[in-house]
Amino acid sequence: MTTTPTVVHVTGGRPLSGRIPVQGSKNIALHLYAATLLADAPVVLTAAPEITDTGVCARILRHTGAHADVIDTRFTSSPAQTVRPVIHPELGRQVRTTVVLAAAVLARTGQVAFPYPGGDAFCPRLIDRHLAAMHAAGAEVIASGTGLRAVCGPRGVKAFTVDVDTPYGPSLGATVTAMLLAARATGTSLITHPSIEPEVTETARFLAERGVLIHFDDQGLHVVGSDWIAGGEFAVAGDRIEAATMVMTIAAAGGSTSTTSPPPASAATSSMSSPRPGSV
């Protein structure tokens, strides 16, 4: 295989062999990075993907006052003594999960300023369901040409009910945004028509293992807020898209290979029926 700045040349005709490690899921990791901001004790995420977005998110967390670092595939985060309620305006435009990160800060401080999300631009990245969750949690959301600001009352976020459905299916990102807000709200919140993609169920598992009561049923996703969220270690589940790509490549080229087993994904989806494709 040879590459140029715009073209990859692949010469086939030979079977593949060897052992292929599957890295941690990018999309799951990006949501977990935001979730670490809720913890009241240090968190270590293992199997963090070695991608640009991981470093960018660490820098975003540091800008809020958290102590975040990346060493190989370990992403560490310790809570700030005083949270700065601002998502870095330039770094925030480099990732897709800007609003999810903002939701975590809003949940901790009752206010946050953040830019519009960035990342890939192959399709529109609507954030109306994210903002609906913030509004339902008691925040006034003010938009400007450069970004947004969300401010709650003196008691911070409150328990709420929000629908995260869209014309394209349940919003994956807005489900996580609502879940992070609910994790810090006093009382029980309900997220209707939630996404049940692994990004959601793994974030739910992360929070549940740290003391947040979460369950799915026919009504939706129920979250009981907590004023203390524990730290600890958590493994980022393997990237299913990368693993499937490897499997299809081997099936097409022939040969025999093995992949490194990723950490087990949450079984939460097994209790849900008739899942629909989701949107960001």
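Buried here means a relative accessible area under 20%, exposed means over 50%, and partly exposed lies in between, with a 1.4 Å probe and protein chains only. The model is predicted: local features need pLDDT of at least 70 and side-chain atom pairs count only at pLDDT 80 or more, whereas totals for chains, interfaces and linings use all residues. Residues are numbered from 1 along each chain as its sequence is written, and side-chain values use heavy atoms, with hydrogens and water left out.

View 1. Helix H1 spans residues 26-35 and is mostly covered, with 9 of its 10 residues buried; among them are Asn27, Ile28, Leu30, His31 and Tyr33. For the protein chain of 280 residues, the buried share is 46%.

**View 2. The open sheet S5-S6-S4-S14.** Two strands are taken to pair if DSSP finds at least two bridges between them, and on this basis 4 strands form an open sheet in the order S5-S6-S4-S14, with mixed pairing. Strand S5 (67-71) and strand S14 (232-235) stand at the edges with a single partner strand each, so one side of each is left without a neighbour in the sheet. From one strand to the next, the twist averages 15°; axes are lines fitted to C-alpha atoms, for helices over the stretch in contact, and angles run from 0 to 180 degrees between N-to-C directions. Strand S4 (residues 43-46) pairs with strand S6 (residues 74-78) in the antiparallel sense over 3 bridges, and Val43 stands opposite Ser77 in S6. Helix H6 (residues 198-208) packs on this sheet, where it touches S4 and S14, and its direction makes about 160° with that of S14.

**View 3. Two aromatic pairs.** Rings of Phe, Tyr and Trp (its six-membered ring) pair if their centres lie within 6.5 Å, with planes under 30 degrees apart counted as stacked, over 60 as edge-to-face and the rest as tilted; a search of the whole structure finds 2 such pairs. Tyr33 and Phe75 form a stacked pair, at 4.1 Å centre to centre and with 15° between the planes. This pair links distant parts of the chain, with Tyr33 in helix H1 and Phe75 in strand S6, 42 residues apart, and both Tyr33 and Phe75 are buried. Phe206 and Phe234 form an edge-to-face pair, at 5.4 Å centre to centre and with 90° between the planes. Here too distant parts of the chain are linked, Phe206 lying in helix H6 and Phe234 in strand S14, 28 residues apart. Phe206 counts as buried at 0% relative accessibility, and Phe234 counts as buried at 3%.

View 4. Contact means heavy atoms within 4.5 Å. Ala39, found in the loop between H1 and S4, is buried with a relative accessible area of 2%. Not counting residues up to four places away in sequence, Ala39 touches Pro79, Arg108, Ile229 and Ala230, while Ala39 and Gly231, 192 residues apart in sequence, are 5.7 Å apart in space, C-alpha to C-alpha. Arg184 is found in helix H5 (residues 172-184) and counts as buried at 14% relative accessibility. The side chains of Arg184 and Asp40 are joined by a polar contact of 2.5 Å, a term for a pair of N or O atoms within 3.5 Å in which, within protein, one must be able to donate a hydrogen and the other to accept it, and for which residues adjacent in sequence count only if both atoms are side-chain atoms. Leaving aside neighbours within four places in sequence, the contacts of Arg184 include Leu38, Arg108, Asp227, Trp228 and Ile229.

View 5. S10 pairs with strand S11 (residues 188-192) in the parallel sense over 3 bridges, and Thr161 stands opposite Leu190 in S11.

Methods
Helix = DSSP H or I, 4+ residues; strand = E, 2+ residues; numbered from the N terminus.
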